[in-house]
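Please read the points with the sequence and the 3D view open.

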Amino acid sequence: MRVLASVVGVAIGLGTFVLLSPVLEKWKPPSQCRDFFGLEGLPHATPGGGPDPFLRLGVPYLDNQVCVLTHFFKDCRDYPSPLVATLTNALLFSAALSNTIFVGVESTRVASRGVAASASLTAYLMQYIGISVVIPAMWLPSFLYSHTSPLAHQAPVDRPSSISVGTPRLLAFIALANVVLGAALLYLGFGPDVYYPVAFVVFQFWPIVSPWIWPVVTVGTTPPSSVKDAVAASVTATQLYYAFAVLLSLHYWVGFVLPVATSPGTTPLGALGTLFSFLKQFPQEIHSLPQWFLIVDAISLTATSALIVASEQRTAATAITSGFVFIVQAVVLGPGGAFMLFCASREQAIRRVHYVTPQKLSPWVQVHRNTLKEIVTVLKFDVHGNATMLRMRRADVLKMTQQAAAALGGSPHAAKQPSDGTPVGPSITGRLPTPSHPHGLSVSDAQMVHMRDLRKLDYAFVESYEPSIVVRKQAILINADPIRSVIMRDCCLMFVPDTNHALVDLLKQNFHDTHGEDDDNQMAFEFRFLANDFERMAPIVNSSLERLASAQMSSGELETLRTLKNAMNEFESQVNGLRRVLMEILDNEVDLHLLYLTQVQAESLLEVYLQDIHNTKTKVALMLHRIQNTESVVMLKMDAVRNYLLTADMLFTLIMVCMTFGMFVTAAFGMNLTSGLEQTQGAFVAVLAITVLCAVVSVYVGIAFFRKRGVII
């Protein structure tokens, strides 16, 4: 499908080149322009000494190109008729601008390769070879090669940021650049001659220059590296596409539909027939050749857009259906509006397939993308802390836990684990000795791990983030978000969202650090993770609080405080949940007995963990208290600033009120009436002095009055 689309794209580009080559051979620029490459020097001066119809840049190569192309596009404004020129301009504007927007956005996508990844190179080729040749014959094959299957219909990638578009700031600049390009193109079609040379230079060189500004625009930002950043970029691209869909559709109706419907002296079908008659026959008049060139450009770009729509489908049947729908939409909304709608829906589908996590879906569709195959991503740790990434079925995990339970038919702490970490097998008699429990309970009486237990640990089915510790025969299941694990005597299985999740590296590092300590000082990973999480968050919170408590305040700092407060509240809830779970375990004799997977004293360890959790809870409470105190200080400062502003506003208002007396006197004397004071010696100085004195006294009295009332401190 992708290869066929590439072949068709090359065919469209080459076919367009063959159709347009006679135009370039037959049409000749005026004698003022020299050779296109400037080998003969600068263009001649305008006959009669008048102003040049093009903008001179002082470079022979550029000046002759601008001279030739300016005259070429000027011929498009009036020939063969104003109606044909208006309709052609509307079609080309719609098709060309939508393609340049799509090319610009896709060039920022991380997975783009070759020509599809270089917006500046693509723009240079488009401006000098032709947009209707470069996009289908060169850019489209490179785009299809970059994505061997449609992004909206392929399997979810392990690292969503690897297919993300650029940052929202960069996408906003691309939108602005295309607005400038569109404005220049509209001016070339309908604007007066006074700024025509400037508009043409912008149209010709702005698409080439603007991609070189991208590094400046993205200063201070980093490419999307997380799912959240990728989603933000994708949403921005979708909004951009929808905005241009509306703008291009409005332009199509104003620039194409209304002229066809209201053309004087002919019917709508007659107007379309005029356009079709001009298209189907190669013009013989030299001045009409550029207009025929542009309408072929518009049709070629529309066909390229339809090909892109078809190539982004999964099957040939859906490609045909989508192509037909696109043609219908192009008739109603214009080729540009229809293509932008497709681009928006495609970006939404990419986000839905690669970026949306199960927690964002409704309960009825809250299914992990691999759940139908029951495949889960598991990080397995052995007794030495070595990690292995596995893709397992939940049935395989269940089988591992059942084999671990079957291998130790009796009490787990009756057998010692070998130093090499291998599981302990049965004795010669086939069973290991099972000592009695104080309550007469043995491990054989405990339940094995069930599928429902594992389902509670699966990211696809989790509905609650409430921590829990479930004890089963030779297995401990821990759900302390984001930790979801199955602990057995010889290994630990950690459920992770995907292979490139940030949690993976954190798990490996913490397990390595934990196993590097002495056995007497080991702490279970989930509690060590909580402690590390708090220690990592505390400096950020402290630095933000210090900045907020200082005199420098900004809305960004207040938003940071709100975010950190929410994070600390969530963290406190998680700590409280773990504390509750540990206390329940310590109060349950049966569960404590089942925790003896090895000779480790589980009760003593849990008591230590409970103390650690209590210390962490105290730290969180103190941090939340400090956040609340900082909030109070910030609010007091903001109240003080607000009162200061109100006082300043009142003073300025008082001054303006007092000055109105002087304004009244000025207005009275400024009337064109004879008062007899015009010739009086010293009248002007006296009136001026009295007016100023009254204004100053009024201000002073007003300030004294309000200060006495306590309004001004």
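1. Basis. This is a predicted model, in which local features need pLDDT of at least 70 and side-chain atom pairs count only at pLDDT 80 or more, while totals for chains, interfaces and linings use all residues. Residues are numbered from 1 along each chain as its sequence is written, and side-chain values use heavy atoms, with hydrogens and water left out.

2. Whole chain. The chain has 20 helices and 6 strands; helices (H or I, at least four residues) and strands (E, at least two) are DSSP runs numbered from the N terminus. Of the 713 residues in the chain, 46% are buried, where buried means under 20% relative accessible area, exposed over 50% and partly exposed in between, with a 1.4 Å probe and protein chains only. The accessible surface comes to about 36400 Å², and carbon and sulfur atoms hold 65% of that surface; the areas come from the Shrake-Rupley method with a 1.4 Å probe, and for residues only the protein chains shown count as cover.

3. Contacts along the chain. Contact means heavy atoms within 4.5 Å. Among contacts in the chain with a separation of 6 or more, 72% are accounted for by residues 24 or more positions apart.

4. Helices α4 and α7. Two packed helices are described by the angle between their axes and the distance between the axes. Axes are lines fitted to C-alpha atoms, for helices over the stretch in contact, and angles run from 0 to 180 degrees between N-to-C directions. Helix α4 (residues 119-128) packs against helix α7 (residues 196-209) at about 155°, and the axes are 7 Å apart. The two helices are therefore roughly antiparallel to each other; angles under 35 degrees count as roughly parallel, over 145 as roughly antiparallel, 65 to 115 as roughly perpendicular and the rest as oblique. On the α4 side the contact is made by Ser120, Ala123, Tyr124, Gln127 and Tyr128, and on the α7 side by Phe203, Gln204, Phe205, Pro207 and Ile208. By class this gives 7 nonpolar, 3 polar and no charged residues; Ala, Val, Leu, Ile, Met, Phe, Trp, Tyr, Cys and Pro count as nonpolar, Asp, Glu, Lys and Arg as charged, and the others, Gly among them, as polar.

5. Helices α10 and α11. How do the axes of helix α10 (residues 268-280) and helix α11 (residues 289-311) cross? They come within 10 Å and cross at roughly 100°, which makes α10 roughly perpendicular to α11. Leu275, Phe278 and Leu279 of α10 meet Gln291, Trp292, Ile295, Val296 and Ile299 of α11. The contact has 7 nonpolar, 1 polar and no charged residues.

6. Annotated span. An unreviewed UniProt entry carries the annotation "coiled-coil region" for residues 561-588. In the model, residues 561-588 are 93% helix and 0% strand, and the end C-alpha atoms lie 41 Å apart.

7. Asparagine 178. This residue is found in helix α6 (residues 168-190) and counts as buried at 7% relative accessibility. Leaving aside neighbours within four places in sequence, asparagine 178 is in contact with Leu97, Thr100, Ile101 and Phe244.

8. Arginine 484. Strand β5 (residues 483-487) contains arginine 484, which is buried with a relative accessible area of 0%. Its C-alpha atom is separated by 9.0 Å from that of lysine 456, 28 residues apart along the chain.

Technical notes: UniProt positions renumbered as here; feature names shortened; annotations may be inferred.
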